[in-house]
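Please look over the structure below before reading on. The points that follow go through it region by region.

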Amino acid sequence: MQSVYPVSPPVPASGGYEGVGEVYSLGSGVSNLSVGDWIIPSPPSFGTWQTYIVKEENVWHKLDKGVPMEYAASVTVNPLYAMHMLEDFVRLNPGDTIVQNGATSIVGQSIIQLAKNQGIHSVNILRDRVELVPFDDFYIALDKALGKLGSHAKQVIKF
C-alpha cells in the first residue's frame, strides 16, 4: 500500500484534506452557516492548509463543535483510509486478527474501533514515547485510552 493523493492540482497549490475551518464572516447570500461555525469542505476538493478560504456555501459541511478538534480535522481522510485498509485489501471475518503499527495515530485508532465493530481482533504496535513522559505513566494512560476504543492491554506491543 502506498500513500498517493487521488488528485494532482496544478502548482502553486495548497495541500491537505485534514483541517477544520471556522467561519469568520459571511456574504449576504449565506443562509445555513453562522460566524463561529466549524466547517469542512464536502466533498474534499481543495487544499485546506490555508489561513483563509473563500468559497460558496454549498461546498461546506457544518460540524458539531462537540467533536474533538483532532477528529473533526481528519474526519474526511483518516477514518475512510482505515476502513479502506480493513475492507478492500483482504477479506477479514469476525474472529480474525490484524496487526498494525502506529496504533496511536488517528488512522490507528480508527482501525481499532472499526475492527472491534466487525468482531476483528487487533494487535497494536506502539513506539516508545518515554522522552515525553515517564514510561509507566505514558503506557498506563495509553492502554486505558486505546482500551476505550476496543484494544486490550495484552494486545498492545511496546517497543
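1. Strands β2 and β3 pair in the antiparallel sense over four bridges; two strands count as paired if DSSP finds at least two bridges between them. Ile-40 has His-61, in β3, as its bridge partner. Together with β1, these strands form an open sheet of three, in the order β1-β2-β3, with antiparallel pairing. The edge strands β1 and β3 each pair on one side only. Strands of a sheet pair through backbone hydrogen bonds, either parallel or antiparallel.

2. On the source: this is a predicted model, in which local features need pLDDT of at least 70 and side-chain atom pairs count only at pLDDT 80 or more, while totals for chains, interfaces and linings use all residues. Residues are numbered from 1 along each chain as its sequence is written, and side-chain values use heavy atoms, with hydrogens and water left out.

3. How many helices and strands does the protein have? There are four helices and six strands, where helices (H or I, at least four residues) and strands (E, at least two) are DSSP runs numbered from the N terminus. Their order from the N terminus on is β-β-β-α-α-β-α-β-α-β.

4. Of the 159 residues of the protein, 31% count as buried. Buried means under 20% relative accessible area, exposed means over 50%, and partly exposed is in between (1.4 Å probe, protein chains only). The protein exposes about 10500 Å², and carbon and sulfur atoms supply 56% of that area; accessible areas come from the Shrake-Rupley method with a 1.4 Å probe, and for residues only the protein chains shown count as cover. Among contacts with a separation of 6 or more, 60% are between residues 24 or more positions apart, a contact being heavy atoms within 4.5 Å.

5. The structure holds one aromatic pair. Tyr-24 and Tyr-52 form this pair edge-to-face, with 6.0 Å centre to centre and 70° between the planes. Rings of Phe, Tyr and Trp (its six-membered ring) pair if their centres lie within 6.5 Å; planes under 30 degrees apart count as stacked, over 60 as edge-to-face and the rest as tilted. The pair links distant parts of the chain, 28 residues apart: Tyr-24 is in the loop between β1 (21-22) and β2 (38-41), and Tyr-52 is in the loop between β2 and β3 (60-63). Are these two residues buried or exposed? Tyr-24 and Tyr-52 are exposed.

6. The loop between β2 and β3 also holds Thr-48. Thr-48 has a relative accessible area of 14%, so this residue is buried. A polar atom of its side chain lies 2.7 Å from the backbone oxygen of Glu-18. Leaving out residues up to four places away in sequence, Thr-48 touches Gly-15, Gly-16, Tyr-17, Glu-18, Gly-19, Pro-41 and Ile-53.

7. Pro-44 lies in the loop between β2 and β3. Pro-44 counts as partly exposed because its relative accessibility is 29%. Not counting residues up to four places away in sequence, Pro-44 touches Tyr-17 and Thr-76. The C-alpha atoms of Pro-44 and Gly-16 are separated by 9.4 Å, the two residues being 28 apart along the chain.

8. Asn-78, Ala-82 and Leu-86 are buried in helix α2 (residues 78-88). Seen down the axis of α2, the buried residues fall within an arc of 70°, so they line one face of the helix; the arc is that of the directions from the helix axis to the C-beta atoms. An α-helix has 3.6 residues a turn, so residues three or four places apart point the same way. The buried residues of α2 pack against α1 (69-74), β4 and α3 (106-117).

9. Strand β4 pairs with β5 (residues 121-126) in the parallel sense over five bridges. Val-99 stands opposite Val-123 in β5. The covered face of β4 consists of Ile-98 and Gln-100, and the uncovered one of Thr-97, Val-99 and Asn-101.

10. Gln-100 lies in β4 (residues 97-101). Its relative accessibility is 8%, so Gln-100 counts as buried. The side chain of Gln-100 reaches the backbone oxygen of Gly-108 at 3.1 Å. A polar contact of 2.8 Å joins the side chains of Gln-100 and Asn-124. A polar contact is a pair of N or O atoms within 3.5 Å; within protein, one must be able to donate a hydrogen and the other to accept it, and residues adjacent in sequence count only if both atoms are side-chain atoms.
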